[in-house]
Amino acid sequence: MARVLPSPPKVGMVSLGCPKNLVDSERILTKLRSDGYAMSADYAGADVVLVNTCGFLDSAKEESLEAIGEAIAENGRVIVTGCMGKEAEMIRAKFPNVLAVTGAHQYEEVVGAVHEAAPVPPDAFLNLVPDAGLKLTPRHYSYLKISEGCNHRCAFCIIPSLRGDLVSRRPDAILREAEKLVAAGTNELLVISQDTSAYGVDLKHKSWPWKGGEVRAHMTDLARELGKIAPWVRLHYVYPYPHVDQVIPLMAEGLVLPYLDIPFQHASRNVLKAMRRPANEAKVLERIRSWRAICPDIAIRSTFIVGFPGETEEDFQYLLDWLDEAQLDRVGAFPFEPVEGAAANALPGAVPEEVKQERYARFMAKSAAISAAKLAAKVGREIDVLIDAVGEEGGATGRSKADAPEIDGEVHLRDAGALKQGDIVKVLVEDADEHDLFGVPLAA
């Protein structure tokens with residue numbers, strides 16, 4: 001007689017915020033799937049809904065509260081986790097019907113709350129999960145988190161109060177996870193943390209056995225080993241410490257993508273000092289020039305804050321002039337926004353909202369002009385492209401080595417119907433605009 005499997009409880013997930021939160025969501029779902037739970041793509045089919053919140057900015061908190069309210073309205077059985085777990089009392093006061101509230105990367109607590117809210121029937125046939133775990137990204141790229149927390153105390157940021165000080169993962173554990181992801185179809189590993197350059201500081205850069213040798217808990221060693229595992233390795237959230245210079249030769253060798261995501265935040269010494277950030281912008285320009293001398297194709301992306309308390313028009317103009325010198329490839333910005341608990345809130349010289357918006361518009365116009373010129377220079381070149389999607393009419397969309405998913409530009413292809421998601425192909429660039437490239441795949 002055929003065995004009838006019990007119907008497992010279903011879990012829905014709303015994941016907000018940065019890729020670090022996305023990795024947390026994937027870990028939670030992987031653990032729940034291994035415990036026998038099924039996943040639901042909508043509110044109606046879920047026995048319980050998890051909302052993984054972001055609390056970095058007040059606007060992000062508002063989005064998180066809206067998501068909690070929507071989940072309660074649509075489903076009613078809601079567990080809240082993530083950065084806003086630090087504000088459990090406020091969440092419970094606003095939403096008294098939430099089943100539980102847990103903090104950032106408190107995996108055992110949130111999984112325990114799900115077990116209590118929707119117990120899974122005991123059955124060995126339900127407790128199955130792929131070796132690479134469950135993912136919320138497409139199969140061909142994966143975020144690889146190497147540490148939690150941060151030792152910096154930037155005036156505008158509350159991440160240390162939400163996620164604590166730096167806690168690095170063992171390098172051998174990271175590399176084993178990378179191998180599983182690549183074996184499951186990942187062609188691009190996106191290395192993330194709050195401060196990738198600081199990886200291993202808390203471990204005193206100790207070495208662990210790996211593949212008959214040893215690997216240090218250090219950014220450079222980890223990047224080198226990851227480059228032996230995955231076709232593409234992309235480094236995010238890199239602070240420009242001196243040892244970052246050691247990674248650039250790895251990019252020139254092709255072990256790591258020629259791409260650095262460095263959150264400079266500003267260029268004016270006065271503003272950087274108020275932000276509690278390193279303030280030697282001249283040396284940064286020198287290092288960027290030296291990086292480009294070693295690896296001419298390196299793409300540098302960064303984010304900036306405009307309208308920080310005390311920022312004068314002179315400070316802002318200095319930032320625009322610095323951009324002209326730095327010629328960064330990919331740039332994002334946002335107007336300063338007070339965040340509850342951030343030291344910047346107490347600083348004098350608040351910039352009026354209309355001035356923030358005007359400066360933001362000027363900044364983005366400047367960065368768009370730089371981007372357009374840099375992309376126009378690629379027309380006629382052959383570049384490697386990772387395919388993200390293939391259309392029904394012969395077109396395809398992908399990304400070059402200079403483009404991280406969802407935050408940078410794309411490469412739009414014609415005559416690409418024979419390609420499939422995850423392919424890495426050689427492309428002739430035919431045209432460009434302010435953010436994207438256009439081209440055609442070359443014959444294999």
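Is alanine 368 buried or exposed? Alanine 368 counts as buried, because its relative accessibility is 9%; buried means under 20% relative accessible area, exposed over 50%, and partly exposed in between, with a 1.4 Å probe and protein chains only. I will come back to that residue.

First, the ground rules. This is a predicted model, in which local features need pLDDT of at least 70 and side-chain atom pairs count only at pLDDT 80 or more, while totals for chains, interfaces and linings use all residues. Residues are numbered from 1 along each chain as its sequence is written, and side-chain values use heavy atoms, with hydrogens and water left out.

Back to alanine 368. It is found in helix α12, residues 353–376; helices (H or I, at least four residues) and strands (E, at least two) are DSSP runs, numbered from the N terminus. Valine 331 is 37 residues away from alanine 368 in sequence, and 8.3 Å away in space, C-alpha to C-alpha.

Next, the open sheet. Five strands form it in the order β2-β1-β3-β4-β5, with parallel pairing; two strands pair if DSSP finds at least two bridges between them. The edge strands, each pairing on one side only, are β2 (38–40) and β5 (100–101). Strand β4, residues 78–82, pairs with β5 in the parallel sense over two bridges. Across from valine 80 stands valine 101 in β5.

Helix α2, residues 58–74, packs on this sheet and touches β1 (10–15), β3 (48–53) and β4; contact means heavy atoms within 4.5 Å. The direction of α2 makes about 175° with that of β3. Axes here are lines fitted to C-alpha atoms, for helices over the stretch in contact, and angles run from 0 to 180 degrees between N-to-C directions. Helix α4, residues 107–117, also packs on the sheet, touching β1, β3, β4 and β5, and its direction makes about 175° with that of β4.

Now the barrel. Five strands close into it in the order β16-β17-β18-β20-β19, and the pairing is mixed. From one strand to the next, the twist averages 50°. Strands β19 (residues 424–432) and β20 (residues 437–441) pair in the antiparallel sense over five bridges. Valine 429 has glycine 439, in β20, as its bridge partner.

Last, a pair of helices. The axes of α6 (residues 171–183) and α7 (residues 219–227) come within 10 Å and cross at roughly 25°. On the α6 side, Pro171, Ile174, Leu175 and Ala178 meet Leu222, Glu225 and Leu226 of α7.
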